[in-house]
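Let me put the model up and then I'll talk you through a few places in it.

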Amino acid sequence: MSTLKDKVAVITGGNAGIGLATAKEFVAQGAQVIITGRNQQTIDEAVGMLGNNTVGIQADVSRIKDIENLVAKVESQFGKVDVLLVNAGVSHQEPIGQLSEEIFDTLSDINFKGAVFTTEKFIPILNEGASIIHVTSVSAYTYATGTSIYSASKAALTAYSKSAAVELAGRKIRVNTVAPSMTETDMIYRGELGTEEVHNFLKDKFMPFKRFAKPEEIAKLIGFLASDDASFISGAEYTIDSGASVNAVRL
Ligand SMILES: NC(=O)c1ccc[n+]([C@@H]2O[C@H](COP(=O)([O-])OP(=O)(O)OC[C@H]3O[C@@H](n4cnc5c(N)ncnc54)[C@H](OP(=O)(O)O)[C@@H]3O)[C@@H](O)[C@H]2O)c1
């Protein structure tokens, strides 16, 4: 299906995980895709794998100057943008009472401030009818040990995203959030979201389908929201968790 044919799509954090899976989905749907990240090597590898219709631009979303340079490069090469996937993010667990200022700043700078200013800086070059998708997390409204600052950063982004949906409606720009539960990417295997023992426990006792999401499953939802098939959907928050967040007690 070529539902994104001739659309220009930017994906922050497109060199790994959910962002890379979505880049594949967007390319398959016919889009011109621009992926970003901090790591030039994995950006180059991703572009090599994705093939034609993909370019990579290094940009750290925690640096406003990098975001401005990214926007300038995208504008000079492609003009206007139709789809903006604000996906770059990091996670880290620390218990309440032992929170460090360093982790607070890192998570806030990347997951909240970085996501907000990525959106802000791209707004001037978005086409009328563009789609913005913010990748948040079920952690924005479900709470687990050690995730307070991560949860707060995603809840803050959700609030910004919904405000943007209201304020950008005049330009027919749609703004939505996608909130996945645990997804099989490097993020969870780097140990940012619990140990293997915790993962096995969660799959067995908490996940209704006894497994985590595949990044391609998140990408399919994002692909739909990016397309004109979602033309009346804005200000929405899409939980994608196989029902885990409504699963209070599982016997
Ligand atoms: N995996 C999960 O269980 C899960 C669940 C819910 C929500 N999420 C959210 O999904 C999004 C993608 O995560 P993922 O699971 O795909 O993790 P991942 O595989 O670790 O990918 C994270 C991506 O973000 C990029 N990134 C991180 N910091 C950046 C920065 N300062 N500037 C630019 N790019 C940056 C990384 O690129 P570089 O390494 O090159 O910087 C990478 O491409 C995140 O927002 C995450 O919070 C993930």
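Before the overall picture, one term: I call two residues in contact if their C-beta atoms, placed from the backbone, lie within 7 Å. Keep in mind that this is a predicted model. With that, take the contacts in the protein with a separation of 6 or more: 70% of them come from residues 24 or more positions apart.

So what are we looking at overall? There are eight helices and seven strands in the protein. The C-alpha trace spans about 50 × 40 × 40 Å along its principal axes. For 251 residues, you'd expect a compact globule to have a radius of gyration near 18 Å, and the protein has 17 Å, which agrees. As for burial, 44% of the 251 residues count as buried.

Now the ligand. How many residues surround the ligand? There are 32, and the closest are Gly13, Gly17, Gly37, Arg38 and Gly89. If you want to see which elements give two or more residues to that shell, look at α1 (17–28), β2 (32–37), α4 (101–122) and α6 (186–189). By type, the shell has 17 polar residues, twelve nonpolar and three charged.

In general, you describe two packed helices by the angle between their axes and the distance between the axes. On the α3 side the contact is made by Ile64, Ile67, Glu68 and Val71; α4 brings in Phe117, Thr118, Lys121 and Phe122. Sort the residues of that contact and you get five nonpolar, two charged and one polar.

Last stop, isoleucine 233. Where does isoleucine 233 sit? In the loop between α8 (215–226) and β7 (237–240). And is isoleucine 233 buried, exposed or partly exposed? Being buried takes 20 or more other C-beta atoms within 10 Å, and exposed means 12 or fewer. Isoleucine 233 has 15, so it comes out as partly exposed. Leaving aside residues up to four places away in sequence, isoleucine 233 touches Arg174, Asn176 and Leu225. Look at valine 175 too: it is 58 residues from isoleucine 233 along the chain, yet their C-alpha atoms are separated by 8.1 Å.

That's my tour; happy to go back to any of these spots.

How values were computed:
Residues are numbered from 1 along each chain as its sequence is written. This is a predicted model: local features need pLDDT of at least 70, side-chain atom pairs count only at pLDDT 80 or more; totals for chains, interfaces and linings use all residues. Helices (H or I, at least four residues) and strands (E, at least two) are DSSP runs, numbered from the N terminus. The radius of gyration is taken over C-alpha atoms; the globule rule is 2.2 Å times the number of residues to the power 0.38. A residue is near a molecule or strand if its C-beta atom, placed from the backbone, lies within 6 Å of it. Ala, Val, Leu, Ile, Met, Phe, Trp, Tyr, Cys and Pro count as nonpolar, Asp, Glu, Lys and Arg as charged, and the others, Gly among them, as polar.
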